[in-house]
Amino acid sequence: MQENSTPSKKQPGHPLDDLIRTDRIPHIWCPGCGIGTVFSACLAALKGSGINLRKTVMVSGIGCSGRAAGYVKLDSFHTTHGRAIPFATGLKLANPELNIAVFSGDGDLFAIGGNHFIHAARRNMDMTVICVNNLNYGMTGGQVAATTPYLAKSTTTPMGNPETPFNLPLMAYACGATYVARWTMLHTRDLTECITEAICKKGFSFIEALSPCPVNYGRRNKQKPLDMLKLYQEKTIIKNDADPSTLDIDFEKGIILGKFVDLDRPTFTEQYDKIYRPSRLQENVPELNS
Amino acid sequence: MKPAVLTGEYFMTGDVACAEGALAAGCRFFGGYPITPATEIAERMAIRLSHVDGCFIQMEDEIGAMAAVLGASWGGVKSMTATSGPGFSLMMENIGLGICTETPCVVVNVQRGGPSTGLPTHGAQSDMMQARWGSHGHYEIIAMAPSSPQEIFYLTITAFNLSEKYRLPVLIMTDEIIGHMSEKVIIPEAKLIKTVSRPRPKGRKDRFKPFAPGPNGVAPMPAAGEGYNLHITGLTHDEKGYPVMAVETQTEMVSRITEKIRRNLDDIIRTDSYLLDDAEIAVVSYGISARTSMAAVAEARKLGIKAGLLRLVTIWPFPEDQIRKLADRVKGFVTVEINLGQIHREVERCAGGKVPIFLVGHPGGTIIHPDSVVKLLKEAF
């Protein structure tokens, strides 16, 4: 894939080629990086969900995962660092017909953009947020993130991380997300299924996808490229409906994967229309029945 | 339920008149965050947007507000926000994204004393240079300064029209005094209000290039969800919108976003004057200070001093030609502004050392009294 910027005529196309800006390949992701697998799960989910792709928008922030918006052949916005969610909020409110997928990294969504995540979940803004969690800032060369495990090494924690990382599903649940799941990029099928479900679900959905960064994280933490994948296989426990408070990432204890939250409450737009734009609500009734 | 254009005669504050101007211009999205002395614009929009099938959201901060305004614009809706100094600082990041992605929208800064939290309830005009260069990188911006609630109504419409025509965030640099001052505002009939909408693409969607400029240097703009498979990025990009990390692309892109303004100065720049034709001394001012300057010019004339006023309505791009021409025929300039010399330096630059230049300014908190302008005119000339 990396050597061939244009696929030869003999080579059969990839089933997701129609959702890729093939003229932008090769991509920037490093060998051993997991973002491509999460991206492909996301594209398969978008395709499989049956939603109108013409009305589907991908919004990203800044960072390695943020480059996804540049490769997807949909309306796609590569915004400023941490601001994918509020940008997507404006898009959705301007045109409620749009399906919104926010695809970005842990640093972007939970450090610089943490405040926006909290409030979009609280409002139950109708969008699906897919967070590629590679435990560090990869694009800038491997700095500590809000998700880096305690004592893990990074270029800015050379003697080990003194901080406690976020439990992202717990945060999403506590803030009001109506759908919360976590998988690793190794669990591609489960990940794809959950993204599909999240896209089809009304309200604020959050999916955390654990993904290796061998070049910047693994290298400094004595993990060879396959080691992280082995951990994903051997040190994970699938436990749907697990209590979100038990979902800390701890490779010693084992990492819990699954779908943890799936509930219904009115979205921002539904509440806004009810109180401020009742005429719009009435107009929408025939459409809902048809 | 009231119409978008509230035709009639009112006693209104500048903040409320600004909101009414926005609605008359076709604004249907407001993303904001409370801040004195701009809050009343958000409050007015919160109720009025519900009358016109629009949408208001109070975001978690000004960073989010500005991001939402850009998102809404790409959703196909005319959008705006309003803030003051501290919020304006937070918005700078996404104002830059708006410039780079050529996104139409309007940002109102009801200026108060700074730096930092400063004087929240007292006016100033000290964000004028922040308006010009506050976001990083080299770019052109449009900023306008109204002198009354009536003018803010009209200038808000003009700001939307220019932002749609030239595809960029347009700034209204008003101040606490105009924002909170109540005066007569006449809102005309809807049919008399000229509104402009962004240029729309034609032809095959699969061949469309979102940043290929049209005849006036501005590219047509589709909305998300229309089948164009747009890619929009804050990275340096080519005409397709694709990021290209190359000197040539940087040159091409920055030239495009600056030239579309530089090539259309005559269409963008607005100035006004009072007793300027035969003036020997040109008083240059804008916003609330232009009104006190006008009183000072009238007083000076009574004293036999041939002063005249050049009122800057458009601040950025700066009316360089107007100042240069004046520099060839007047004996001197006096800049009047509520700061310690921001636009003053621009006047100085354009006058090119031909005549002496004086500043009447103070750091903010109150208007500039006409007497202090008259005093300088008497002493300096």
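User: What helices and strands are in chain B?
Analyst: Chain B has 13 helices and 16 strands. This is a predicted model.

User: And how compact is chain B?
Analyst: Its radius of gyration is 21 Å, close to the 21 Å that the globule rule gives for 381 residues, so chain B is as compact as a globular protein of that length. Along the principal axes, the C-alpha trace of chain B spans about 70 × 50 × 40 Å.

User: Same for chain A: what helices and strands, what radius of gyration, what box?
Analyst: Chain A has 10 helices and eight strands. For 290 residues a compact globule would have a radius of gyration near 19 Å, and the 19 Å of chain A agrees with that. Its C-alpha atoms fill a box of roughly 60 × 50 × 35 Å, taken along the principal axes.

User: Now the interface. How many residues are in contact between chain A and chain B?
Analyst: On chain A there are 32, and they are in contact with 38 residues of chain B.

User: Which elements of chain A supply that side?
Analyst: β2 (75-78), α2 (84-94), α4 (114-123) and α9 (268-276) of chain A each supply at least two residues of the side that touches chain B. The largest share is eight residues, from α2(A).

User: What does α2(A) pack against in chain B?
Analyst: α2(A) packs with helix α3 (residues 62-74) of chain B, at an angle of about 40 degrees and with the axes 6 Å apart. That angle makes α2(A) oblique to α3(B). The crossing of the two helices is right-handed.

User: Which residues of α2(A) and α3(B) make the contact?
Analyst: From α2(A) they are A:Pro86, A:Phe87, A:Ala88, A:Thr89, A:Gly90, A:Leu91, A:Leu93 and A:Ala94. From α3(B) they are B:Gly64, B:Ala67, B:Ala68, B:Val69, B:Leu70, B:Gly71, B:Ala72 and B:Trp74.

User: What classes are in that contact, charged ones included?
Analyst: The contact of α2(A) with α3(B) has 12 nonpolar and four polar residues, and no charged residues.

User: What about strands? Which strand of chain B does β2(A) pair with, and in what sense?
Analyst: β2(A) pairs with strand β10 (residues 231-233) of chain B in the parallel sense, over three bridges. The bridge partner of A:Phe77 in β10(B) is B:Ile232, and A:His78 stands opposite B:Thr233.

User: Where does β10(B) fall in the strand order of the open sheet?
Analyst: β10(B) comes at the end of an open sheet of nine strands, in the order β7(A)-β8(A)-β5(A)-β6(A)-β4(A)-β3(A)-β1(A)-β2(A)-β10(B), with mixed pairing.

User: Switching topic: what is the order of the five-strand sheet in chain B?
Analyst: The order is β11-β13-β12-β15-β16 (chain B), an open sheet with mixed pairing. β11 (271-274) and β16 (357-361) of chain B stand at the edges with a single partner strand each, so one side of each is left without a neighbour in the sheet. Neighbouring strands here are turned by 20 degrees against each other on average, direction ignored.

User: How do β12 and β15 of chain B pair?
Analyst: Strand β12 (residues 281-285) and strand β15 (residues 332-337) of chain B pair in the parallel sense over five bridges. B:Val284 stands opposite B:Thr335 in β15(B).

User: Which strands do helices α10 and α12 of chain B go with?
Analyst: Helix α12 (residues 343-351) of chain B packs on the sheet, touching β12, β15 and β16 of chain B, and its direction makes about 160 degrees with that of β15(B). Helix α10 (residues 287-302) of chain B lies across β11, β12, β13 (307-312) and β15 of chain B, running at about 165 degrees to β13(B).

User: Last one: how many residues are between β5(B) and β6(B) in the hairpin?
Analyst: Five residues, and B:Ser116 in the turn has a positive phi of about 55 degrees. Strands β5 (residues 105-113) and β6 (residues 119-123) of chain B pair in the antiparallel sense over two bridges. The bridge partner of B:Gly113 in β6(B) is B:Leu119.

Terms used. Residues are numbered from 1 along each chain as its sequence is written. Chains are lettered from A and ligands numbered from 1 in the order in which they are written. This is a predicted model: local features need pLDDT of at least 70, side-chain atom pairs count only at pLDDT 80 or more; totals for chains, interfaces and linings use all residues. Two residues are in contact if their C-beta atoms, placed from the backbone, lie within 7 Å. Helices (H or I, at least four residues) and strands (E, at least two) are DSSP runs, numbered from the N terminus. Two strands pair if DSSP finds at least two bridges between them. Axes are lines fitted to C-alpha atoms, for helices over the stretch in contact, and angles run from 0 to 180 degrees between N-to-C directions. Angles under 35 degrees count as roughly parallel, over 145 as roughly antiparallel, 65 to 115 as roughly perpendicular and the rest as oblique. A crossing is left-handed if the near helix is turned anticlockwise from the far one by less than a right angle, and right-handed if clockwise. Ala, Val, Leu, Ile, Met, Phe, Trp, Tyr, Cys and Pro count as nonpolar, Asp, Glu, Lys and Arg as charged, and the others, Gly among them, as polar. The radius of gyration is taken over C-alpha atoms; the globule rule is 2.2 Å times the number of residues to the power 0.38.
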